[in-house]
Amino acid sequence: MTDATMAEPVLVLSGLNKAFGALKVTDGVALSVAPGELHALIGPNGAGKTTLVHQISGMLRPDTGSIRFKGQNITALPPEKRARAGLARTFQITSTIPSLSVLENVALGVQARAAQPLALFRNAARDESLNRPAWAAIEAVGLTERAHVLAGRLSHGEKRALEIAMALTLEPAAILLDEPLAGVGRAEGERLIALLASLKGRYAMLLVEHDMEAVFALADTVSVLVYGRVIASGDPASVRADPAVREAYLGEEG
Amino acid sequence: MSLASAAVPAPVTAPARRRPLVAIALFALLALLPVAVSLGLPAHWLTLVTRAMIFAIAALSLDLILGVGGLVSFGHAAFVGIGAYVTGIMITEGRSEIMLILPVVLALCALFGAVTGFVSLRTRGVTFIMITLAFGQMVYFLAQALSAYGGDDGLTLYERSTVLGFDPFRNRIGFFYLVLGVLLACYGLVSVIVASRFGRVLGAARENATRVAVTGFHVGRIRLVAYVISGMIAGVSGFLLANQTEFVSPAYMSWPRSGELIFMVVLGGVGSLHGAIIGALAFLFAEDVLSGWTEHWKVIFGPMIVLFVLFTRGGLVGLMRKLGVGRHD
Amino acid sequence: MTTGLLIVQILNGLQLGILLFLVAAGLTLVFGVMDFINLAHGVQYMLGAYLAVTFVSLTGSFVLGLVLALAAALVIGLALEFLVFRHLYERDHLDQVLATFGLILLLNQAVKMIWGAAPLSVPVPAFLAGNIALLDGILYPTYRFALIGAGLAVGALLWFIVEKTRTGMLLRAGASNAPMVSALGVDINKLFMIVFAFGTMLAAFAGAMAAPILSVEPGMGDNILILAFVVIVVGGIGSIRGAFVGALIVGLVDTLGRSSMNDLLRLFMSAPSARAAGAALSSMLIYLVMAIVLFVRPEGLLPAKGRS
């Protein structure tokens, strides 16, 4: 990944601020993610990690600062335009369409990028131009055998994998992953870590995660967010050694 | 690597395509009704079922936004009323040609849907219910204020619409089949829309609008299009209603009418298109029977609605499924 | 329009606004705290009026009749809460709308069966009969002043309860974050019942107070319910202050619109067409105001804090 980090970054946050009343949840955040780089964002609960992901994906508007994606300023764009530009995300609390099957969920993402995403009279279920790319994404996350199961019936880890498959169909330039391992059991967690490792290098990823073992195994760069502020950023080893980080975060966690 | 191994494996083959058996049976039964009447069923049934099918068209259109889209609109009767009033006013003004009336009905319903939908869809939940109710009421008061066209008393029509000079609405059996044809066409249209790319996104947004947005769809715009389409179909039912009753009145769009349309959809089973038709038929039959017993039939009907809501889920179609009918539709 | 007439119209607008506020306040609290949409709220206004008719004529005293009517309305409201509403709090809005719609059909018809379809009225109480002179020698009925005063007093009381008492604090907290309130260890069912009883009393009070000046008839609750919806949408859900401001706006706009639209349109068109267009426009006016407010501020003018 050493080459990747040298390239022009895909995602650049600069001077990002967001406050809810008197509470500053994002305080002058600046960070960037290069193509193919896996950038992990860690920090204690309430540090403002999810709020930051919401701002990057367009669900919240920052008070000041800018978000640039593929060289374009997207700070004011609504979520759907960011998604169409190739910025995909997953949610801390899994977010799928429960009454659609895995295949249909994933095909929804393919459809968003199709020539006629909202054709009124064109049957969706039997549309091979939607289903074929969907199958590929499903295979990539290992859900092939579960393709016709309703998303609402999947296990927690499978839902996480489904969200990643949906993100992949957007042909993303960057993927925001909000705690993909949260609440997942050990065995499924290991499969998810392997899945993320297999995607690494192909997509720029911003990974918010509490599982330190996973973070230090996967990340090229680690940034530490405390009270809305980035207190350290760098390669895993130097962040791990940073005394400020140890005090503010790692120490607390044991 | 597979995430599936922990769970019960499911067959990879796609589930069998559903066949609309109940809907086919329903339309076949409806088509045979005039035959049954000629064999001795009370002739009153023909009028009743024609009226029920007209309301079924409106209920079907409501089901598109309410059942599929998850938008509880409490002003749907306004579209029926606009359709009826345009028809009534144009006939009164000597323009009874359908080829003239229908485009105006569709255009006005689309316009009303676009404007009120644009404002209402900025809100969600309870506020959306209240706003659609208020807009519906606005049209109701507007019709009351139309003193040139009967105002509060309504407007009696002295002729029905004509098609290219012919008069297909005069014959009761002809009218019945015409309404049945329109119902079938609307059912087909809405079914195709629900199964389309558009319909898939509309339904997905009901369950998880955020996910649909971050997947790259403008949820508000999709809902607005559905709202407009739904309003236009309801306008057609208003057009038919004016022709059947030869009378239009503000009461067609009073807010209890909107409530009744919602009940028809829920009675049949929310989101089930043939359910909306069954709901409309059941509603009008119940009204007919109860109002035959007593003028105070609403004292019985009101509690029936309450009990129905409290104790049944899934409507009549859900009930049929439980009993093993129409499992594959 | 002369200044005197304008003042009369403003007072009429205030009076409608006050009635709307009393109905909308209960409705918005129930929405805000319980996330429950109760279409039958207008019926409770109607019941207040009918019960006032019965009890005033039974006792011969307006005040006593009013008190009895409120007590009876409360009993009926609590019975409905026990039998129907409390089974709906956990349901989705569609079920709530439909079940309370069924109740409206039942109660409107039941009222017709008990009291008849013809409009009834309550005599203006003797101690509030007569008129008060405004400028230009124009008279305005004392009772209507009393109605405005009573409404304002109830509004002030409501403000005091909501802003200054512990129950009020819980109500405000509940309106913006119900799960938090139950996490505080408050018996949420009890809170719901208090809110509901409160709302019922306010609506019944409005109905009973309106009985001497409006005709008491079946369905009278439906129209006020829809106006109350407009009030809530304009003011912002769950907010008492919003309901107050919204009610005054709707009351004044509707009354002044109806009285001055003709004159206004006469400036542009002939008398008959001004009358026709004026009737149409003035009946649509408050809905247009609502649409404009929503367009600019979808959450209403003064939404409850913490709601978006």
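Trainee: Why are H5(B) and H9(C) called oblique to each other?

Mentor: Helix H5 (residues 125-145) of chain B packs against H9(C) at an angle of about 125°. Angles under 35 degrees count as roughly parallel, over 145 as roughly antiparallel, 65 to 115 as roughly perpendicular and the rest as oblique. H5(B) and H9(C) are therefore oblique. This is a predicted model, in which local features need pLDDT of at least 70, side-chain atom pairs count only at pLDDT 80 or more, and totals for chains, interfaces and linings use all residues. Residues are numbered from 1 along each chain as its sequence is written, while chains are lettered from A and ligands numbered from 1 in the order in which they are written.

Trainee: What makes each of these a helix, and what are the axes?

Mentor: Helices are DSSP runs (H or I, at least four residues), numbered from the N terminus. Axes are lines fitted to C-alpha atoms, for helices over the stretch in contact, and angles run from 0 to 180 degrees between N-to-C directions. The axes of H5(B) and H9(C) are 9 Å apart.

Trainee: Which residues of H5(B) and H9(C) make the contact?

Mentor: Thr127(B), Met130(B), Ile131(B), Leu133(B), Ala134(B) and Gln137(B) come from H5(B), and Ile226(C), Phe229(C), Val230(C), Ile232(C) and Val233(C) from H9(C). Two residues are in contact if their C-beta atoms, placed from the backbone, lie within 7 Å.

Trainee: How do these residues divide into nonpolar, polar and charged?

Mentor: Nine are nonpolar, two are polar and none is charged. Ala, Val, Leu, Ile, Met, Phe, Trp, Tyr, Cys and Pro count as nonpolar, Asp, Glu, Lys and Arg as charged, and the others, Gly among them, as polar.

Trainee: Why is H7(B) called roughly perpendicular to H9(B)?

Mentor: H7(B) and helix H9 (residues 219-245) of chain B pack at an angle of about 115°, with their axes 10 Å apart. That angle makes H7(B) roughly perpendicular to H9(B). The residues of their contact are seven nonpolar, no polar and one charged.

Trainee: Where does H10(C) bend?

Mentor: At Ser260(C), by about 45°. The bend at a residue is the angle between axes fitted to the seven residues ending there and the seven starting there.

Definitions and conventions:
Helices (H or I, at least four residues) and strands (E, at least two) are DSSP runs, numbered from the N terminus.
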